Amino acid sequence: MVQAILEVEPGSPAEQGGIKPGDVIVKVGTADVTTWEQLDMAVGARPEREVHVVVLRDGREERLALRTDLTTLHTRNNTRFEVGTIGVLRVWLWPNAAAS
């Protein structure tokens with residue numbers, strides 16, 4: 001199942017980079033993306049860096065560039081992690097999107 005974007009946070013790197021609701025992110029950098037977890041890992045590993053993404057939009061691939069935000073997360077034992085985020089709020093599963 002491929003992840004399709006349902007909402008993009010206003011003013012976010014995703015919006016500034018041209019990602020729109022309904023887009024299906026299929027690649028971040030050189031990594032193929034077919035699940036939300038893969039998207040999260042690919043973006044999270046690149047805080048405050050330019051990333052190139054490939055989206056499916058209206059049946060065509062589009063290449064976009066955006067700069068991730070830095071988000072700091074804390075665990076219960078106060079361990080701190082810095083991860084990249086792009087401001088994608090929700091996704092839904094879109095079966096067979098890669099085939100279109």
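Guide: The largest share of that lining, six residues, comes from α2. Helices (DSSP runs of H or I, at least four residues) and strands (runs of E, at least two) are numbered from the N terminus. This is a predicted model, in which local features need pLDDT of at least 70 and side-chain atom pairs count only at pLDDT 80 or more, while totals for chains, interfaces and linings use all residues. Residues are numbered from 1 along each chain as its sequence is written, and side-chain values use heavy atoms, with hydrogens and water left out.

The pocket has a volume of about 210 Å³. On a 1 Å grid over the protein atoms alone, a pocket is an open set of points where a 1.4 Å probe fits, with protein on both sides within 12 Å along at least five of seven lines, and lining residues have an atom within 4 Å of a point. The volume is the space filled by probe spheres set on the points, which are joined across faces, edges and corners.

Two elements, α2 (36-44) and β7 (80-85), each supply at least two residues of the lining. The lining is made up of W36, L39, D40, M41, V43, G44, V83, G84, T85, I86, G87 and V88. By type, seven of these residues are nonpolar, four polar and one charged; here Ala, Val, Leu, Ile, Met, Phe, Trp, Tyr, Cys and Pro count as nonpolar, Asp, Glu, Lys and Arg as charged, and the others, Gly among them, as polar.

Now α2 itself. Its L39, A42, V43 and G44 are buried, where buried means under 20% relative accessible area, exposed over 50%, and partly exposed in between (1.4 Å probe, protein chains only). An α-helix has 3.6 residues a turn, so residues three or four places apart point the same way. The cover over the buried residues of α2 includes β2 and β7.

Next come the charged pairs. The whole structure has five salt bridges, a salt bridge being a side-chain nitrogen of Lys or Arg within 4 Å of a carboxyl oxygen of Asp or Glu. E82 pairs with R80, their closest N and O atoms being 2.3 Å apart. E82 is partly exposed because its relative accessible area is 39%, and R80 is exposed at 51%. K27 and D32 form another, at 3.1 Å; K27 counts as partly exposed at 28% and D32 as exposed at 52%.

D23, R57 and E62 are linked in a network of salt bridges. D23 lies in the loop between α1 (13-17) and β2 (24-28), and is buried because its relative accessible area is 2%. The D23 side chain also reaches the backbone nitrogen of K20 at 2.8 Å.

Last, the setting. The protein chain has two helices and eight strands, in the order β-α-β-β-α-β-β-β-β-β. Of its 100 residues, 34% count as buried. Among contacts (heavy atoms within 4.5 Å) with a separation of 6 or more, 52% join residues 24 or more positions apart.

Conventions. A polar contact is a pair of N or O atoms within 3.5 Å; within protein, one must be able to donate a hydrogen and the other to accept it, and residues adjacent in sequence count only if both atoms are side-chain atoms.
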